[in-house]
Amino acid sequence: MTEPTFGGNAGMSSQYLEIRDLRVQFDGFTAVDGVDMTLLQGDLRFLIGPNGAGKTTLVDAITGLVPATGSVTKSGVELLGKKVHKIARLGVGRTFQTASVFEELTVLQNLDIAAGAGRSPWQMLRRRKDVLPQIEEALETTGLGAHRDIPAGILAHGQKQWLEIGMLLVQNSDVLLLDEPVAGMSHDEREETGQLLRRIGAERTVVVVEHDMDFMRAFATSVTVLARGKVIAEGTVEEVQNDPQVQQVYLGTASLEEAL
Amino acid sequence: MSVLTRPGPVRTWAGFAIAALVLFGLAPAVLSDFRLNLLAKFLCFAIVAAGIGLAWGRGGMLTLGQGVFFGLGAYMMAMHLKIADAEVRGDTVPDFMQIAGIRELPAYWVPFTSPLVTLLGILLVPALLALLLGLGVFKRRVKGAYFAILSQALAAAFAILLVGQQSTGGSNGLNRFRTFFGYDLSDPINKRMLFFIVAAILLLVVAATRQLMHSRYGELLVAVRDQEERVRFLGYDPATVKVVAYTVAAFFAGIAGAMFVPIVGIISPADIGIVPSIAFLIGVAIGGRTTLLGPVLGAIGVAWAQTSLSESFPSAWTYAQGLLFIVVVGFFPAGLAGIATLRRRKRTGSDAPAEEPDIEPTAENTEMEPAR
């Protein structure tokens with residue numbers, strides 16, 4: 001399997017997400033201020049920045065949750081102005097800071113719902129009989145195969161996040177926006193999540209919003225730094241770490257050594 | 001017996017068979033005509049309850065205004081029966097209109113001269129109204145208490161509208177029906193036939209609800225109830241999912257209302273306003289709103305308790321009903337069905353998900369017994 005690499009790994013044929021001059025305003029406050037970003041397939045991009053930098057708002061704007069101006073195109077299709085579920089159907093999936101799986105439904109039911117947005121009414125009215133191949137695959141990729149029949153509500157915290165990622169996989173998303181997927185995870189769970197992201201990131205466009213710098217250093221192939229709604233640096237982990245502007249931003253909140 | 005207590009097709013069919021035996025064999029054999037007619041009325045409430053169980057229990061929509069759809073079905077049926085009675089007598093207008101001095105059938109009554117139009121109206125009008133309302137409400141993301149208040153206000157408005165209409169009998173409503181599609185309603189055999197019809201409808205409604213609950217749609221509905229926003233990010237429009245359950249519930253309520261009319265012999269604004277709309281809910285809450293049979297048996301049980309208790313303690317029932325509702329909603333949100341599952345789980349020591357709606361043949365039996 002190919003690994004995610006800086007600049008993407010799929011050449012000219014790749015899927016991409018292009019963000020141009022994206023702005024989000026709340027009552028005169030500009031949360032996202034003219035962001036330009038190009039995300040390529042096979043590039044495991046980390047989006048970092050101090051609290052309030054607009055990271056989650058940026059993800060919200062891409063997925064249609066908050067109104068924004070500018071342009072977000074996925075392989076040439078404009079996403080801004082479309083409804084949330086329409087954007088999801090175009091292959092843009094996301095997770096949330098707090099895992100939001102369907103707690104009363106089993107792991108399998110969760111995945112089956114995620115796989116089913118394109119089903120016809122007739123298929124919807126029938127019972128779920130067999131397990132779709134892509135669901136089997138997602139169960140294997142996320143390592144949740146043994147838990148398929150238990151309610152998602154009693155999964156461990158890390159497993160819930162993996163289930164969410166699994167749901168994005170069966171949803172057939174090729175742009176994955178993950179909002180702090182390792183928050184609250186143990187060291188081992190982080191490691192496993194990182195490996196999972198590497199596995200899935202090879203064939204998709206993955207953006208990880210993250211606070212954990214060790215995690216970022218271990219797994220990112222490229223990094224975008226956001227501060228006060230603006231992109232202040234972009235590049236490899238090393239380039240970003242050596243950027244004086246980034247160092248300054250992080251010095252404002254914590255010591256550089258601690259933060260980066 | 002183990003095959004009957006294990007979930008699966010055998011138990012399902014056995015459950016339906018036992019329910020059919022009780023409704024078509026046992027009940028008519030042991031109940032007096034009067035009690036059987038009462039039970040038929042309770043079965044009408046049970047049909048409404050099955051729909052509420054789907055919309056509220058599974059879909060999370062607190063449908064406080066089912067009286068509107070129940071009333072629409074009921075009034076359409078009642079108008080047809082009144083016209084048919086007048087035709088039998090050779091009059092152009094129903095009796096109550098003659099008294100009020102109305103000489104000609106109002107234009108909106110005319111379509112209900114035809115039995116076919118009436119039946120189609122009963123099947124389509126409540127469902128279509130729910131579809132339109134649902135689209136308007138759920139697409140605008142109105143939910144929770146706002147939806148509940150809205151639907152209740154609608155029930156109130158509908159009842160008030162009817163009180164002011166002389167051409168539907170005002171607050172007296174429509175009553176004294178002589179025939180039902182040509183059958184004499186004073187004949188006990190025909191009353192018994194009505195019971196069989198409503199019993200068959202109830203079984204069909206339960207079967208349809210069961211299919212909906214167990215289908216992929218049913219799983220999606222629960223997902224929408226618990227995490228509406230998350231469902232959106234999976235590419236579904238939750239409003240569509242909710243509209244379907246709301247429409248189905250209205251469809252059931254309309255049919256129940258239509259059957260209520262020949263069985264009870266009267267429909268008035270008092271049967272469809274706020275209080276009856278809430279009463280529909282109480283049985284559902286007590287029985288267990290998330291299960292298949294909880295709402296059905298709860299509605300029958302509460303209606304029976306109301307009838308028998310209000311015979312002996314007319315004023316106490318209202319308080320008992322309110323208390324029961326508060327206790328169940330406050331302390332046993334899963335209703336009696338929830339308590340039953342809890343006990344079963346303790347006994348078997350398994351923590352298998354109780355999500356599977358249960359067919360409880362024995363419960364069907366015990367709920368029927370008091371009505372003897």
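Two strands are said to pair if DSSP finds at least two bridges between them, and that is a handy place to start with this predicted model. Strands (E, at least two residues) and helices (H or I, at least four) are DSSP runs, numbered from the N terminus. Residues count from 1 along each chain as its sequence is written, while chains are lettered from A and ligands numbered from 1 in the order in which they are written. Because the model is predicted, local features need pLDDT of at least 70 and side-chain atom pairs count only at pLDDT 80 or more, whereas totals for chains, interfaces and linings use all residues.

**A hairpin in chain A**
- Strand E9 (residues 222-227) of chain A runs antiparallel to strand E10 (residues 230-235) of chain A, joined by 5 bridges.
- Thr224(A) faces Glu234(A) in E10(A).
- The hairpin has 2 residues between its strands, and Arg228(A) in the turn shows a positive phi of about 50 degrees.

**Two loop residues with positive phi**
- Asn172(A), not a glycine, has a positive phi of about 70 degrees, and lies in the loop between helix H6 (157-170) and strand E7 (175-179) of chain A.
- A residue is buried if 20 or more other C-beta atoms, placed from the backbone, lie within 10 Å of its own, exposed if 12 or fewer, and partly exposed in between.
- Asn172(A) is partly exposed because it has 15 other C-beta atoms within 10 Å.
- Glu180(A), also other than glycine, has a positive phi near 50 degrees; Glu180(A) is in the loop between E7 and helix H7 (187-201) of chain A, and is buried because 20 C-beta neighbours lie inside 10 Å.

**Where the chains meet**
- The contact (C-beta atoms, placed from the backbone, within 7 Å) involves 28 residues from chain A and 19 residues from chain B.
- Helix H2 (84-89), strand E6 (92-94), helix H3 (107-114) and helix H4 (121-124) of chain A each supply at least two residues of the side touching chain B.

- Leu323(B), in helix H14 (residues 316-331) of chain B, is exposed because 10 other C-beta atoms lie within 10 Å.

Definitions and conventions. Contact = placed C-beta atoms within 7 Å.
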